[in-house]
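Look over the sequence and the model, then read on.

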Amino acid sequence: MSVITAAGPAAVDGALRAGRRRRTTRAALVIGGLAAVAAGLFVVTMMVGSFALTAVEVVGSLLGLRDDPSVDFIVLGLRLPTATAALAVGLALGASGTIFQQLLRNPLASPDFVGITSGAGLAAVSGIVFLQVGGIVISGFALGGALLAAVLMYALAWRGGVSGYRFILIGIGVLVFFDGLIGYVISRAQLTEARQAMHWLTGSIGQAGPDELRLLLGALVVMLPLAVLLQRQLRALELGDDAAAALGSRTELSRAGLLATAVVLVALAVAVAGPLLFVAFVAGPVADRLLGPATGGILAAALVGASLLLTADLAAVHLMPTPLPTGVVTGAVGAPYLLWLLATTNRRGAGG
Amino acid sequence: MTRLNARGLTLGYDDRAVVQGLDIDVLDGKVTAIVGANACGKSTLLRGLARLLAPREGAVHLDGTALAELRTLDIAKVLGLLPQTPVAPDGITVADLVSRGRYPHQGWFRRWTDDDQDAVARALEATGTADLIDRPIRELSGGQRQRVWVAMALAQDTDLLLLDEPTTYLDINHQVELLRLLRRLNADSARTIVVVMHDLNLACRYCDHLVAMADGAIVAEGAPTEVVTAELVEKVFGLSCVVVADPVAGTPMVVPA
């Protein structure tokens, strides 16, 4: 290896080390804080309801420290599955969204805006309307639809490699096409099926079944650490393909691996709770704001996603006069952010 | 045989061959400039030498082995490239960007080490960007930004460094500053440097060796004083000119006729 010049003065070294320490400390604080918030919301979700419980009762029951059959029934039997679903779906959407946005180098490029979620929606709605399926079969259709949409987009965008910009344009085209087809399918439906389809399309944590949830939890255990490991590849890829390749990154392989991870996570999340818009879209930018510029922490984004979704679910079920589907609340929070982003994107020079 | 060379190299995009059957030996420990008219294939050649473009035919060899047979991470420890238009992530600081040059030296699980730290500090020092480390890239001037990108490539700590048109978007003062920096990097550590550039006069002044390309082939190469003639400039750039001696350094200087 070559040596550049004599080592720089201690001042540079000290400043570099200090900067690195600052960033590490900040990341640890942010991730710790977010984990605490998500855990807190997770417990609160199980405290509130027609029969209020204390935090001590909930945690005691979760950890098996107390023996109170009626509390155990409420916590473990009734509320834990919903709370776990909100947590898991939020983690998956947050991680998936930030991977898409960083990979395609565009804050607008979350999976709900590039057609993946629409693919899931089209498949699920077609299943409900034409085949009268229900329960886990709908989730299976959604999963298949999301994966097919992703493969279709990758194939359409492929031209000796996949560029971010082309992928986004094709994604938006696919989104519009699928949404049109969803409208058509619903227009062919009977009233009850149309209602069921519309309800599914709004997205709701409450509709999660135990089997889909188990699948999502299993996927999270594997994919979330994998995503955090792949973060290193993202750090190289975001410098542009040529720079990344010059640094020794296998760009197409890295991109395919990252996309596959993100697609599986979002597909399973949609299969569990339907297309909850805006969570994947907002989580990454919020995490980046907390961590500092150009950090793009996948774990932090996942925790932001979980916190957002737990909050949205609490609001949808308990703050509204009548319980609403979760998707209504995430949409109401996410839409203004989208408008703000569209209004400011060009100023920040990230529009294309 | 030099450390980096190519034999019978054919490169292209889609079904168009841009470089055809080219041989080149990149001189060890020298600063080489690749010059030529727009679209003559000089950037394509550089991308081929840096394994960013796989050869249609022929091969590029690094230390006697074809690039295709080496692991890309191992290549990245010896051969660095600064592309024409690298992308700075939104809001990234100088220290963070330069640190990214350490990518090939880090593993999946390996943490930041003292070697990484030293390489980054040296790269910042060498490029005179040490006092900018906490500044966001987008706030810097074009000349500073280009020096930061060079620092990132230096942090990669490679014996060979290729740069694709690093001076194109700089004013004359910053072009000269950057070329002097490359000269210094070469003088300090005998690093082999290849730079694709447009300004023939600056190339003659600051580079040891000139490779002139036209239509995807090398038409002349050698020391600037030996190869730069009015005939060559006419042939390569289609410009009729007079070649005089640079009044300061005595190197060839092209003056349009």
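A residue counts as exposed when its relative accessible area is over 50%, and as buried when that value is under 20%. The model discussed here is predicted.

**A surface patch on chain A**

A:Leu319 has 69% relative accessibility, so this residue counts as exposed. A:Leu319 sits in helix α12 of chain A, which covers residues 298-319. A:Leu319 also belongs to a nonpolar surface patch, together with A:Met320, A:Leu324 and A:Val328. The accessible area of these four residues together is about 340 Å².

**A hairpin in chain B**

Strands β9 and β10 of chain B run antiparallel and are joined by five bridges. Their residue ranges are listed here.

| Strand | Residues |
|---|---|
| β9 of chain B | 209-214 |
| β10 of chain B | 217-222 |

B:Ala214 stands opposite B:Ala217 in β10(B). The two strands form a hairpin, with two residues between them. In the turn, B:Asp215 has a positive phi of about 50°.

**Cavities**

How many cavities of 30 Å³ or more does a search of the whole structure find? The search finds three. The largest cavity holds about 60 Å³ of space. Its lining draws on chain A through A:Leu16, A:Gly19, A:Arg20 and A:Arg23. From chain B come B:Ala95, B:Ser99, B:Trp112, B:Gln117 and B:Val120. The elements that give two or more residues to this lining are α1 (10-47) of chain A and, in chain B, α3 (94-99) and α4 (114-126). Which element gives the most to the lining of the largest cavity? That is α1(A), with four residues.

Methods. Residues numbered from 1 in each chain as written. Chains lettered and ligands numbered in written order. Predicted model: local features only at pLDDT ≥ 70, side-chain atom pairs only at ≥ 80, totals over all residues. Heavy atoms only, no water. Patch = residues over 30% accessible without salt bridge, like charges linked within 9 Å, V, L, I, M, F, W, Y side chains within 5 Å. Areas by Shrake-Rupley, 256 points an atom, 1.4 Å probe, with all protein chains shown as cover. Salt bridge = Lys/Arg side-chain N within 4 Å of Asp/Glu carboxyl O. Buried < 20%, exposed > 50% of the residue type's maximum accessible area, 1.4 Å probe, protein only. Pairing = 2+ DSSP bridges. 1 Å grid on protein atoms, 1.4 Å probe; cavity = no way out; pocket = protein on both sides within 12 Å on 5 of 7 lines; lining within 4 Å. Points joined across faces, edges and corners; volume = space filled by probe spheres on them.
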